[in-house]
Amino acid sequence: MLKGSLSHHSPFTHLIVSLLAVVVSFLLAMFVGTVLALVFFDINIFTDLQAIDINSDSVNLSVLKFYQSVYSIGMFIIPPFIVAFLVSKKVREYLYLAEGTNISKVLLATFIIIFSLPMINLLAQLNSHLSLPEFMSGIETWMKNSEEQAKIVTEKFLVMNSTSDLLVNLVVIALIPAIGEELLFRGVLQGIFGKLTNNIHWGIIITAFLFAALHMQFYGLLPRMAMGILFGYLLIWSRSLWVPIIAHLVNNGMAVITKYYIGKGNIPEEIETIGANENYWFTGLVSVAIVLLLLRVFRSICKRKA
């Protein structure tokens, strides 16, 4: 019987299984996505290259968003369940999905994300001044080019002319990544790296680094890593993956909704860079203090309800 068949194997074996599951699931999802794109959009990605070229004027954003969803499901959502099925007899418990949450934890996690925004912008400011050593200049150039390309994709995705565009983006950019990335990184990899290093804190840090590095955005490495660390501790203390999923959803959802209302002229564009003004050090450090306080309260609530 396959269920739980690898439960007695080493954490390193579980890591290899996880990587294989991600690769195989991703390739299968891309194949299915290609077939579905041909059926529903009448687009063959191998011949209709301009339809999926983000730099092309004739790019089909609906197809790109469709592929983004397929990519996320194939790479992030399906593999954790495969891994959990193979390494544990209790899939939901392994992925921290069996434990529910409550309104106090959800609200605190939400406040942590909201009050962390100036801190995240402070880290982005610091990140913008970093550079790799001269001998790694080629890697830095490649990373910056990747970041520029990702920025172009994000800007085009976030052009929203209607409520339906907003709803689609909330699903594609906020909901699916929040569920998928938390399932893979916090649900699977964080536990594996915690066991490999025999230290849960290192497990959180290593997973957060990989979470940030996966986005291939050099100037977003520090803020994304900090966010990953926050998600990691929210999981460890609450013992429920639903808490970091909701926190991740709030973070992504706020970005999408803010961009929507900026585009409509209802709120100023400066709100996106709160804490990144001339007083960004002061604002950022106040944000750090508030977040640490809220994390302490969150931890105490989790202990009290344990």
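Reader: How many salt bridges does the structure hold?
Author: This is a predicted model, in which local features need pLDDT of at least 70, side-chain atom pairs count only at pLDDT 80 or more, and totals for chains, interfaces and linings use all residues. Residues are numbered from 1 along each chain as its sequence is written, and side-chain values use heavy atoms, with hydrogens and water left out. A salt bridge is a side-chain nitrogen of Lys or Arg within 4 Å of a carboxyl oxygen of Asp or Glu. By that rule, the number of salt bridges in the structure is one.

Reader: Which side chains meet in a salt bridge, and are they buried or exposed?
Author: The side chains are those of Glu-182 and Arg-186, with an N to O distance of 2.7 Å. Both residues lie in helix 7 (residues 163-197), four residues apart, about one turn of the helix; helices are DSSP runs of H or I with at least four residues, numbered from the N terminus. On the scale of relative accessible area (buried under 20%, exposed over 50%, partly exposed in between; 1.4 Å probe, protein chains only), Glu-182 and Arg-186 are both buried.

Reader: What area is buried between domain 1 and domain 2?
Author: The chain is divided into domain 1 (1-95) and domain 2 (97-304), with bounds from an automatic or database domain assignment. Carbon and sulfur atoms give 74% of the area buried between domain 1 and domain 2, which is about 2,400 Å².

Reader: How many residues of helix 9 are buried, and what phi does Arg-239 take?
Author: Helix 9 is mostly covered, with 13 of its 18 residues buried. Just after helix 9, Arg-239 takes a positive phi of about 60 degrees.

Reader: What separation is found between the C-alpha atoms of Gln-125 and Leu-222?
Author: Gln-125 belongs to helix 5 (residues 117-128) and is partly exposed, with a relative accessible area of 22%. Gln-125 and Leu-222 are 97 residues apart along the chain, and their C-alpha atoms are separated by 9.6 Å.

Terms used:
Helix = DSSP H or I, 4+ residues; strand = E, 2+ residues; numbered from the N terminus. Buried area = accessible area lost by both parts, 1.4 Å probe.
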